[in-house]
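Subject: Structure handover

Hello,

Here is the structure we discussed. Please open it alongside the notes below.

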Amino acid sequence: MTAELAGAVVVVTGSSSGIGAATARAVSAAGAHPVLVARRVELLRELAGALPAATVVAEDLRDPGAAGRVIDAALAVSGRLDALVNNAGMLVMGPVVECRDVSELFAVNVFTPVELMRRALEVMVPQGTGAIVTVSTGELALERPHPEHGAYVASKAALTAFTDAAREELRGVGGVSVSTVYPGATDTPMWALARGNPNTPDIPAGPVERVADAIVGLITGGDAEFRCW
Ligand SMILES: NC(=O)c1ccc[n+]([C@@H]2O[C@H](COP(=O)([O-])OP(=O)(O)OC[C@H]3O[C@@H](n4cnc5c(N)ncnc54)[C@H](OP(=O)(O)O)[C@@H]3O)[C@@H](O)[C@H]2O)c1
């Protein structure tokens, strides 16, 4: 057990939609105080209004300063940071020959999540407790990317590698866990976008609640990897 959820401060990036919104609802139902992070502030406020307690942080995670502001907003709740769910993600598809600039994609999917992880660990290690969960992508896709999904899968592979390394570095550092969830196709706006590409496999999408439940299990169980369908 690395992070009890009752009273915990849990940052969930990308909580205006899909898996992130479901995760915010799930941690809230378990008694946590979610810190909701995304650009679409009206959606965050609507979600916060439906929960007993939550903090809204409107940030564009392409901005290199966003990670510091998110962690500061979480610490302002009660001086603690119990969990970070690095969920926000961006999907860009197209052939490698047209792949001129992946800087925005890598900012959202890699650079800011890694900086969030780094800053969270600066709090959690001295605190002696905490959980970090990375939302990766389906393991089969990581092993063999579909055509036109190269940039997206490469970004997820990079974040997953940082997460794997952090897990090993922190093994034995009592109380702090680093976990990864590998969702398969999940019924969200991002999956609807992916379905628009002919290279995306025509498979059924699972419900967001199953991924959210897996994330809750990783926060409380710690140091694990979970494959969703
Ligand atoms: N759906 C799937 O089949 C599937 C499968 C494997 C992995 N995943 C991963 O699951 C995670 C959640 O995706 P989802 O499927 O739930 O998609 P989604 O419903 O489209 O949600 C994406 C979230 O990321 C946020 N986001 C995107 N760009 C951002 C930016 N620049 N700054 C701040 N927030 C930003 C969005 O918020 P705003 O637009 O309001 O900023 C939104 O809340 C992603 O990391 C995705 O790669 C999804």
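The shell around the ligand splits into twelve nonpolar, twelve polar and five charged residues. Here Ala, Val, Leu, Ile, Met, Phe, Trp, Tyr, Cys and Pro count as nonpolar, Asp, Glu, Lys and Arg as charged, and the others, Gly among them, as polar.

Two notes on reading this. The model is predicted: local features need pLDDT of at least 70, side-chain atom pairs count only at pLDDT 80 or more, and totals for chains, interfaces and linings use all residues. Residue numbers run from 1 along each chain as its sequence is written.

**Ligand**
The ligand is surrounded by 29 residues. A residue is near when its C-beta atom, placed from the backbone, lies within 6 Å. The closest are Gly14, Gly18, Arg39, Gly89 and Met190. Helix 1 (18-29) and helix 7 (189-195) each give the shell at least two residues. Helices (H or I, at least four residues) and strands (E, at least two) are DSSP runs, numbered from the N terminus.

**Core**
The largest nonpolar core holds 57 residues. Such a core is a set of buried Ala, Val, Leu, Ile, Met, Phe, Trp, Tyr and Cys residues joined through C-beta atoms within 7 Å. Buried means 20 or more other C-beta atoms within 10 Å of the residue's own, exposed 12 or fewer, partly exposed in between, with C-beta atoms placed from the backbone. Val10, Leu36 and Ile215 have the most contacts inside this core. Its largest share, eight residues, comes from helix 8 (residues 208-221).

**Helix 4**
Helix 4 (residues 103-127) has 25 residues and reaches 34 Å from first C-alpha to last, close to the 36 Å expected. The expected span is 1.5 Å times one less than the number of residues. There is a kink of about 30 degrees at Phe111, shortly before Pro113. That bend is the angle between axes fitted to the seven residues ending there and the seven starting there. Gly128 follows helix 4, with a positive phi near 85 degrees.

**Helix 6**
The end C-alpha atoms of helix 6 are 30 Å apart, which agrees with the 30 Å its 21 residues should span. Its buried residues include Tyr152, Lys156 and Arg167. The buried residues pack against helix 4, strand 5, helix 5 (139-143) and strand 6. Phe162 also sits in helix 6. Phe162 counts as partly exposed because it has 17 C-beta neighbours inside 10 Å. Beyond four places in sequence, Phe162 touches Val114 and Met117, contact meaning C-beta atoms, placed from the backbone, within 7 Å. Just after the helix, Gly172 takes a positive phi of about 90 degrees.

Best wishes

Technical notes:
Two residues are in contact if their C-beta atoms, placed from the backbone, lie within 7 Å.
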